[in-house]
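I am opening a notebook on a structure that is new to me, and I want to record what I looked up and in what order.

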Amino acid sequence: MSDVEEHRLRAPANLVSPRAKGLWALRAGLGWLVVLVGQAVPLVLSAAARPWLVATLAATAVLGVAHTAVMPWWRYRVHRWETTADAVFTRAGWATQEWRLAPVSRVQTVDTARGPLQQLFGLATVTVTTASAQGPVTIEGLDEAVAARIVDELTATTQATRGDAT
């Protein structure tokens, strides 16, 4: 197999953790809650009922519920990742999808992060920094044990790979 064939952009094989759907739903719900509270305050403080405020609040609530219900499932079907001895492949997004390929020879650092909500769900994010102008390749929504394994494997693979990561 030629070097070009090995690094051809393709669909990654692995799904993220199913628990990522809960994390994404919680984040979306909290975001919509902030918007709803911001809209409800003027309604509560106004002396007279303003129909347009009620209509705006109702429309926001419907949109927020729909987004919170649909987006996590859609993202889960799209988000995929794969690491090989030669490259890291990712696909992410939901409305706009991004496919990324990072040759292992270009990897500079491999990091993991676990915010409070991720810890609540037992999830982690792996960030693979490369010498790319596009920025790092990120795999969000991984089971924390899988994330640790990926970091260990990529670290070992990059140390054994020739190249200057530039």
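The entries below go from aromatic rings to charges over rings, then to a core residue and a helix residue.

**Before starting.** I note that this is a predicted model, in which local features need pLDDT of at least 70 and side-chain atom pairs count only at pLDDT 80 or more, while totals for chains, interfaces and linings use all residues. Residues are numbered from 1 along each chain as its sequence is written, and side-chain values use heavy atoms, with hydrogens and water left out.

**Aromatic rings.** I searched the whole structure for aromatic pairs (rings of Phe, Tyr and Trp, the last by its six-membered ring, with centres within 6.5 Å; planes under 30 degrees apart are stacked, over 60 edge-to-face, the rest tilted), and found 1. Helices (H or I, at least four residues) and strands (E, at least two) are DSSP runs numbered from the N terminus. Because Trp74 lies in helix H3 (residues 51-78) and Trp94 in the loop between strand S3 (87-93) and strand S4 (97-103), the pair ties together parts 20 residues apart in sequence. For accessibility I used relative area with a 1.4 Å probe and protein chains only (buried under 20%, exposed over 50%, partly exposed in between). Trp74 is partly exposed at 43%, and Trp94 is partly exposed at 30%.

**Charges over rings.** I then looked for NZ of Lys or CZ of Arg within 6 Å of a ring centre and within 35 degrees of the ring normal. Lys21 lies over the face of Tyr76, 4.5 Å from the ring centre, and the charged end of Arg75 sits over the ring of Trp24, at 4.2 Å from its centre.

**Leu142.** Which residues touch the most other members of the largest nonpolar core? A nonpolar core is a set of buried Ala, Val, Leu, Ile, Met, Phe, Trp, Tyr and Cys residues joined through side-chain atoms within 4.5 Å, and among the 23 residues of the largest one the answer is Val126 and Leu142. Helix H2 (20-45), H3, strand S5 (107-113), strand S6 (123-130), S7 and helix H5 (144-160) each give two or more residues to this core. Leu142 lies in strand S7 (residues 137-143) and is buried at 1% relative accessibility. Leu123 is 19 residues from Leu142 in sequence, yet their C-alpha atoms are 5.3 Å apart.

**Thr68.** Last, I placed Thr68 in helix H3, where a polar atom of its side chain lies 2.8 Å from the backbone oxygen of Gly64.

Definitions and conventions:
Polar contact = N/O pair within 3.5 Å; in protein donor to acceptor, adjacent residues only side chain to side chain.
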